[in-house]
Amino acid sequence: PIAATWANVFPGLLHPLSDMPPGLREHLRYPLDMFKMQSQTYLRYHITDPNVLFIGEDAWNIPTERFRDQEQPVEPYYVVMSLPRKDGTPEGKPEFVLIMPFTPRQRQNTVAWLAGRSDGDSYGGLRGYRFPTEALVFGPAQIEARIDQNPGISAQLTLWNQSGSQVIRGNLLMIPVGSSFLFVEPIYLQAENSRLPELVRVVVANGNTIAMEKTLSEAIEVLLGKRQSSLAGATQQPGATATPLPRAIPTGDLQRLLEEAQRSQQVTQAELDRLKQLLDAIQRQIGTPTPAPAR
């Protein structure tokens, strides 16, 4: 309606999408601000039962994360992945999507997520997914709490966060992989006399298992038990098998993830954008079912 009004006010100003050159149309992205508003609306209006809607049950929240030592709502982020069909099988060709996870009201576990599509004829479409009620999928706030509760990680961050330096915890990426999520959080160190943060560690979490290493590939190796953790007091030995909680990513999926991650041996400040691309490519390699779309 807004576009139609402006088109009537200024004839010839706006043109149909079909007039856009194909080379330019391929780079269209789902509008971030519109997706934020739709996500906020979806928190309540995903409910299709009038009685449930009226009494206010089954309402959702936007999860929170820690950024620069402060709690803030998770921002939508773009990934490349194959969306699943209703039967849970991959839809096929990977596509560029904007995603947002959701948590139940008054709880912190992940209950659903929404995807905004950007490619081809699917541009502008929305796809909602909901996990089974019996499934336990951790939310961003729960992973942040486990990071804080890890003695080795907490001690290292406390040590860095003094003597003229400041630890900056970056955005927690919640990447759909297989039937669950892989959580990745960059850790930066910034000197008081310099405003240029340096990426010093990468935290990776799978279920209840957390690792913090210099590179993404090293952190995944620790999750797989193929590398001794560099954290002080860590007890896991090389070759040991971590015991994940329910709905954690299977070890086989992490092995494929490791093979991809090892192609980038050093994760630097300039490669943060590549981090998403690397993790997004995992979906194409795994090919395991993801939760079926909500009806």
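# Salt bridges, a buried arginine and a surface patch

Colleague: Where do we start, what does glutamate 221 form a salt bridge with?

Modeller: Glutamate 221 pairs with arginine 227, and their closest N and O atoms are 2.7 Å apart. A salt bridge here is a side-chain nitrogen of Lys or Arg within 4 Å of a carboxyl oxygen of Asp or Glu. This is a predicted model, where local features need pLDDT of at least 70 and side-chain atom pairs count only at pLDDT 80 or more, while totals for chains, interfaces and linings use all residues. Residues are numbered from 1 along each chain as its sequence is written, and side-chain values use heavy atoms, with hydrogens and water left out.

Colleague: Is glutamate 221 buried or exposed?

Modeller: Glutamate 221 counts as buried, because its relative accessibility is 14%. Buried means under 20% relative accessible area, exposed over 50%, and partly exposed in between (1.4 Å probe, protein chains only). Arginine 227 has 30% relative accessibility, so this residue counts as partly exposed.

Colleague: How many salt bridges does the whole structure have?

Modeller: The search finds eight. Another one joins lysine 36 and glutamate 75, at 2.9 Å from N to O. Lysine 36 is in helix α3 (residues 32-45) and glutamate 75 in the loop between β3 (70-73) and β4 (77-81), so the bridge ties together parts 39 residues apart in sequence. Lysine 36 is partly exposed at 30% relative accessibility. Glutamate 75 is partly exposed too, at 38%.

Colleague: Which side chain of opposite charge is nearest to arginine 201?

Modeller: That is glutamate 213, 6.0 Å away. Arginine 201 is buried yet has no salt bridge. For charge, Lys and Arg count as positive and Asp and Glu as negative; His and the chain ends are not counted. Arginine 201 sits in strand β11.

Colleague: What does arginine 201 touch?

Modeller: Leaving out residues up to four places away in sequence, its contacts are Trp160, Glu185, Pro186, Ile187, Met212, Glu213 and Lys214. Contact means heavy atoms within 4.5 Å.

Colleague: Tell me about tryptophan 160. Where is it found?

Modeller: Tryptophan 160 is in helix α6 (residues 151-160). Its relative accessibility is 16%, so tryptophan 160 counts as buried. Beyond four places in sequence, tryptophan 160 contacts Ser165, Gln166, Val167, Leu189, Val200 and Arg201. Leucine 189 is 29 residues away along the chain, yet the two C-alpha atoms are separated by 7.5 Å.

Colleague: Which backbone oxygen does the side chain of serine 165 reach at 2.2 Å?

Modeller: The one of tryptophan 160. The backbone oxygen of glutamine 162 also lies 2.8 Å from a polar atom of the serine 165 side chain. These are polar contacts: pairs of N or O atoms within 3.5 Å, where, within protein, one must be able to donate a hydrogen and the other to accept it, and residues adjacent in sequence count only if both atoms are side-chain atoms.

Colleague: What else about serine 165?

Modeller: Serine 165 lies in strand β8 (residues 165-169). At 18% relative accessible area, serine 165 is buried. Its contacts beyond four places in sequence are Trp160, Leu189, Gln190, Ala191 and Glu192.

Colleague: Switching to the surface. Which residues form the nonpolar patch?

Modeller: Ile2, Trp6, Val9, Phe10, Leu13 and Leu14, with about 640 Å² of accessible area together. Patches use residues with over 30% relative accessible area and no salt bridge; like charges are joined within 9 Å, nonpolar side chains (Val, Leu, Ile, Met, Phe, Trp, Tyr) within 5 Å. Areas come from the Shrake-Rupley method with a 1.4 Å probe, and for residues only the protein chains shown count as cover. Phenylalanine 10 is in the loop between α1 (2-9) and α2 (22-25).

Colleague: And the overall picture?

Modeller: The protein chain has nine helices and 12 strands. Of its 295 residues, 45% are buried.

Definitions and conventions. Helix = DSSP H or I, 4+ residues; strand = E, 2+ residues; numbered from the N terminus.
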